[in-house]
Every structure is written in C-alpha cells, then in structure tokens.
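Student: Can we go through this one together? I'd like to start with the cavities and then move on to helices.
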Amino acid sequence: MLKRNLWKLVLSSLILLWAVLSLVPLQDREFTEFIVDKVETRQTEFLALLEEARGRYNAEPRQAPSVFVALRDIANERKIDLAEQFFPRIPLESSLRNVTKRNNLLLEHLLAESKGRLQLGLDLRGGVAFTLEVDETAVANLPDYEREEKLGKAIEIIGDRINGLGVAEPIVRAVGSNRIEVQLPGVNTRDNPDVLDAVKKPARLDFRLVHPFADPATTPPGEIPIGYEIKTIENEGRNGQIVVTEIFVKRTWEMTGETVTRAYATMDEMGRYQINLEFNSEGARRFAEVTRDIARQSRELQQRTGNPNSRAQLAIVLDGRVYSAPGVAEEIGGGRAQITGQFTQREAVELANVLNNPLDLPLRIQEQYEVGPTLAAESIASGKLAFMIGLACTAVFMVVCYTSAGFLAVVSMAINLVIILGALASVGATLTMPGIAALVLTIGMAVDSNILIFERIREERKLGKSLPAALESGFEKAFSAILDGNLTTLITAAIMIYLGTGPVKGFGVTLAIGIFSTIFAALVVSRVFLSIAVHGGFAKSMRMVNILGTTSFDFLRHARSAFIVSWVIVAVGVGTVIYKGEAIYGKDFTGGDQVTLSFEKRLDIADVNRVAANSGLTDVSAGYSQEIGSDVELLRISTKFDQAAGLVTALQAAHPDAGLKVVGESRVGPTVGAEIRDNALWAIFWSLVLILVYIAFRFEVGYGVGAVVCTIHDVLMTIGIFVLLDRQFNAAMVGAILLIVGYSINDTIIVFDRIREELKLDPHTKLAAVINRSLNLTLARTLATSGTTLLTAIALAAVAGGEINDLAVTLIIGVVVGTFSSLFIACPVFYWWHKGDRDSAEKSHDTKPVYDWDVGAKVSGAKPIENK
C-alpha cells in the first residue's frame, strides 16, 4: 500500500514544501535588521559601514533619504564591492564587473528579500502613490479629444507595465484632464526612492545614424556637422570601469520603435544581457533599408581609411540616451535587431518591458506620497472574522456529513489553500479584501470534487461493495466528471488570460492556479489520505450522513414552467439594467470626485464611512496620505460625481473638533475602464464558444448548447437580481461575475457527465427517465456543494460590508441560480434539443456501452454502507 502511494506522497510533500517556501517570509522585515542577519564575512567592518549610513540619514539636514540610499552611496563613492567583501555567497551576474552596478543590484536584491512574499493590497495596508503630469508643450496644439485619447492610452500602458499578470492590484486613473494617479500596493519609497523610475519612463526608441567620417575627439570645438549633435555612449572596460565615448549622432531619426512588435531580454555568448527586438513587416522593410545605406557608408569608410574593419554605426537611442552603436557591415534582414550595453538582468528585463509598452506622451512626476489603507480597522477585523466563519462552516459541514472522510477532505482543503497562496506569491500577487473573499469562496467550491468522490463511494457501498473496492471505484467514476468540469473552467481562465487586461487577466491567472491546485488536491492528496486510511486498516468504515436519501423527483415535468418563469425574471432584470443605464455602475467604472482635506484631529476611516452612510451616500472610499519627505498627513475622500462637497459639509458638522479644511479638489477617472469591461465581456463570449466546441467534442452538441444557454441564463439572472436589489457594480464585481461563469459551467458538466454514463449503463430506458434519474443521483452532491459555498457566502454577507458584502451577495445569487439552472435549464435544453429522442442524443456516442456490474470485484468482503 505504501509502495503504491509513495510517489504521490513524495510529490505532494515537494509541492507543499515549495508552496511554503514561496510564502516565506510572511511579513516585511526592517531592511537594516535584515541585512545585518545576511552579512556573511567581515561583520565588524560592515556594521561600521552601516552605522555611518545611519549617521548620514539621521544628520540635520539629512544627507540621504534612507539608510538604504546612504549605504549605497557610501559604497559607490569608495568603490567598495559589497558583494565580494560582505556577501560572497549571493550570486551576481558573472559578466558584471562594474562596482556601482554590482552594489545597486546586490542592495536591490536584499531589499526585495526583506519583503513578505505575499503583499497586502491598498485597502488593507496602503502603499505608495504618485501623480504624473503631462508635459503641456508636447500637447499644446492637440484638440481636446486627442489629448483625452492619449491620456487614456498612457493609463493603459502604465497599467500594463506595472501589472503584467493582472495580479498586482494597483490603481491607475486619470485626475483632471492632464494628470494620472498611480497607487502601488506593497511598495514604499522610504528605503529606495528609485522604485518608481521604470514606471514613468517614456521608452521613446529611435534608430539614428552616427556620422561615419567625423569624430568629436578630432573635430575642433564649434564645428559640429550640420544636423548632428554630440552624444555619449558608455562601455565597460576590462577592469569594470565605465569608459565614456563621444560620438556625433544625427538629430533626426531613421526609424522609431513604433514598428517593434516584441522586445525581450536574453544573454549573449559572453553572458551579457541584451534586448532582442522583433519588427512588424513595415519595420523589417525599413530596417533593411537603413542598414543597407549604413553598409554602403561602411564600404566608403573602409576605402577612405584603408582599414577593412572600419564600420559605419547605427545608434540605438532610448529616451535620448545612446545605449549602443553597433557597426553595420551588411544589410540586416529578417526583422530583428539587438540592443546591447552594460545591462544587469533587472535593467534588461525592465527595458524590454517598457519597450513593449512605450509611451508617446511625455510625463513628469508632480507629487509622490505614501497612502494608508482605505478600509477602516473595524472593517478589516470584521472581514477576517467572516473569512474564519466561512472556512469553519465549510470544515464543519464536511466533517458532520462525511465524518472521517470529511476530516481528510478538510486537511486536503488546507493543503490546497497553502498551494494556491504559494503559487500566487510566486507570481507576485497582491491580496486585497475582495481577493481574499474570492479565495475563501473558491476553497468552498473546491470541496465539490471531494463531495463528488464521496457520493460515488456511497453509491458503490450501496451496491454491496467492500470499502476498498468502493473507494477505488468511486475515484474511477468521479474522474471524468472532475476532469471535464475543471477543463471547461480552465478554458474560461485561459481566455481571460489571453484576452483580458488588469483585473480580468488577474482573475484568469488566479482561477487557473486554483483549478490545477484543486485537481491535484482532490485526485492526488485526498486519494493518498483515503488510500492509507482504508487500505492501511485505519478506517474500517466511513460513516456518511445521507442528506436526502433516495429521491425520484420528476424534474422534466416541471421544466417548461420553471424555464418560462426564470426567463421572465431574466427579462425583468435585463430591462431594469437597460432602464438604469450608467446608474448601475459605481465610481470604479464611472470615475468621480476626489477631495483632499487637512485636519487638526485625525478621524478614523470608520467615522467617515458612518457619516457618509447617514447622509445617504454609498460608494465612498477614504484614506490618509503623506507626501514623501513631509510629516503632514492629508485625508483623501473619493465619491461619485458631485457628492464630495455635501459629504465634506456633513463631516464638518458631525466632527467640528477635527478642523477639516478643503485643500484640493479634482475629478478622477475610473479605475476599471471601458477596455477592462469590454475585455470581460469578450472573454465570457469566447469562453462560451470554446466551451460549446469542447463539450460537443467530449460529449455531444446538445450538451454544449445546454451548457451555454445555462451559463448565459445564470450570468444575466445574477446581474438582473443584483441590480433589482438596488446595488451598484464596483471593481470586485468583475471577478464575482467571472466566478459565477466558472461555477455554473462546472455544476452543469457534473450533471451531464452522469447523464452520459447512465445512457451507456441503461441502453433501453427513455431519455426523459435517464435525465431524471441522473439529476436525482447527483442531487445530493449538487445541494452539498451549493450548501458549502452558500454557508461561506452568507457568513461574508452577514458580517462584512462594502465591496465584500456586494461580492458575497452576488455569489449567493449566483449559487442559488446556478443550482436551479443545472436542474431546470441545462438538462431541459439538452432534452428539447433532441426533441426527447434518445437515439438522437446517442448518435455521437460512438463507443460501445460498458456495463460495470462488478467494478472492483477483485476486492472481497463487501459490507453495506452505514448511513445515518
């Protein structure tokens, strides 16, 4: 028994160990304490160096903005190689010899290592924010619509730069008509003020000619060739020192980076980092023309100098700086080029990132400030309580209904949670309160696989099989349903990742991680635990509470009336959505007003929320900010349009001792733009198309039609009821709706898998009877899964407020509707598609029916299952 499960135990242990290591450390450590613990040699010398850095930071006036910067400056000024002298076991790039770059790379690595692996979001912990202002000289002559378009494009590009996988949870929005506000969670500039540099780079890439015959070193001052300017290029010498060379570079470009379709960092044959560029067809043609002309100049240069190795050069200029100026001997075709230079790995990756997302709008930082959490302390505490209650409800339900098997499922669920968190940490995810809520709900739904297996084991035991035989047969029969259900959901996740941006893409990544982890936990971890318990003799029997007993409901008899009533509700809900129009959206989608207040007495965020609620205002968020380098705190409040002034008046009346005064007002754009909203809709559309294709291939077209109609029904009804409850859509609702899509599809596939199996096992019964039997056989599992998810969602809705409450209410609606539709929408559509004809439904089932009268008969000693 142990030998058979050994590989599963080893694999499970390794994956769990990887997940735990990915989560360590759990919290940030103070940089100076962390770096002292990491010193490997010459500790006394390093402590003296660190004390000197502290002295610079604490001096009046300060000589450095942080100890981190002071330590870096001291080491660079004195050419002290920190890695070589104090941290020899930390591997740096072998080709990197420049001391300044080595020190910068080492300290940035140590700073990153001092941070917790799973960062908390802006709502829980705050972060750093900065405002970028458009250079008015660059847009002075542009009409308003074009300025607005360029600002919107810049917001999209900055979002892509800082949130490539969509899991970082930043806020990027317009402020007024010429500024962009960026808020980054889990970041502070107190240690390293340079962390924002990569975000604000325009990444203007030009390819320019270098004068082939003139050299600044030999040209008299003031005799610069017409149309050229002097630029410098840095190269690393043999000993790591930087050698600066001047060249004449043409002022106008031959081509720009607009034709670059892809940029990525690689290493050359010498181990140095470079950026590879790929052009589109127009760029490839133009690059070939430019290099052909430069190759002609090279031949002319060789004739003039008599040196066959002389080459004319092409300067690669990024944001006005020459990174490299390679010589060109012949025309370069194929649509590819390289940018070489003295890059570290981090610099090369960041440069490739900004080249993939270049800004054509010059921006400069107007202000930088630290921001506090937007959720009140009591809201965070109530949210934590709701999460614990939700998880506890799921665990208690499993143990009460499935006893020892349920307990093992809870352990498997805990391992599943650790793996998901470890995977999220490894991709740089940020945990927000709605994100944690969605994770808790995902775990609640993830027990579905275990419930499905347990219900199958129960059925096998009713047939008189022994516990070991029932265990093996239960896993075998549940496998296809688990696989198909999760693969269809994975299709949805893949489409979100491919088509989505921002939170839609992030949800796709999180969903995909959850799917793989859930399959692994159910089919590997749970099976190992149950196999050891059963085959090892630890569990002589597995008592299971029979929730419903044997049922024989005629679902199809009531299908038509249920179908009509449900679509009437959908029509009413959709009609309400159309009638309300933009009013259904909160400020996350529409934007709003932001007011900045000074104060004499600090108010708790909960006090602001209470005054807003008493004033009849919803969708209000507040938080404190502090300008970097200043000790002055300001209160920032965001509301819907034209509501900020009224709220300020109410706050001043309710808290006159706070001394609130308005110091700034502005209009802010949406944090969830039209592109994200449209991408979510397209992701749902293409998911349904591909699910239809997949189910048609794996099952039959009628199943696919039923699944698609069912999913559309669930989404529309959930949205409609949500709006009928007079609630508004916020950013968290995007994920909630996408979560419902996954839940609906998975639930439907489980039922369809059972219909397919029953058609094979019972070749003579009419289609309607087979469908009703399948629905009754899966009813206990359907209600149990819905019950665990509902318990969690109800706990969240009862205890938490704000976005979490909206998320929980949406899931309550979605789960109830999804359960209903699996019974009265999906299966009836499948039945009506085939006009009740069993032959039509079976025509694509080209495999011969398998009659499994005695699965696992090799295991003897059958006993009837013990039910309560």
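Tutor: What follows is a quick tour by question and answer. This is a predicted model, so local features need pLDDT of at least 70, side-chain atom pairs count only at pLDDT 80 or more, and totals for chains, interfaces and linings use all residues. Residues are numbered from 1 along each chain as its sequence is written, and side-chain values use heavy atoms, with hydrogens and water left out.

Student: How many cavities of 30 Å³ or more does the structure hold?
Tutor: Six. A cavity here is a set of points, on a 1 Å grid over the protein atoms alone, where a 1.4 Å probe fits but cannot get out; lining residues have an atom within 4 Å of a point. Grid points are joined across faces, edges and corners, and a volume is the space filled by probe spheres set on the points.

Student: What volume does the second largest cavity have?
Tutor: About 80 Å³. It has 13 lining residues, and the closest to its centre are L452, R456, I750, R754 and T778.

Student: Which helix gives the largest share of that lining?
Tutor: Helix 14, with four residues. Helix 14 (448–462), helix 15 (467–499), helix 23 (731–761) and helix 24 (767–799) each supply at least two. Helices (H or I, at least four residues) and strands (E, at least two) are DSSP runs, numbered from the N terminus.

Student: And how do the lining residues divide into nonpolar, polar and charged?
Tutor: Five are nonpolar, one is polar and seven are charged. Ala, Val, Leu, Ile, Met, Phe, Trp, Tyr, Cys and Pro count as nonpolar, Asp, Glu, Lys and Arg as charged, and the others, Gly among them, as polar.

Student: New topic. Which residues are buried in helix 2?
Tutor: In helix 2 (residues 31–38), F31, T32, F34 and I35 are buried. They line one face of the helix, because they fall within an arc of 160° seen down its axis. The arc is that of the directions from the helix axis to the C-beta atoms. Buried means under 20% relative accessible area, exposed over 50%, partly exposed in between (1.4 Å probe, protein chains only).

Student: What do they pack against?
Tutor: Helix 3 (43–58), helix 4 (67–77) and helix 6 (99–113). Contact means heavy atoms within 4.5 Å.

Student: Is K587 buried or exposed?
Tutor: Buried, because its relative accessibility is 11%. K587 is found in helix 18 (residues 587–590). Leaving aside neighbours within four places in sequence, its contacts include D619, S638 and P670.

Student: And Y273, where does that lie?
Tutor: In strand 10 (residues 273–279). Y273 counts as buried, at 13% relative accessibility.

How values were computed: On a 1 Å grid over the protein atoms alone, a cavity is a set of points where a 1.4 Å probe fits but cannot get out, and a pocket is an open set with protein on both sides within 12 Å along at least five of seven lines; lining residues have an atom within 4 Å of a point.
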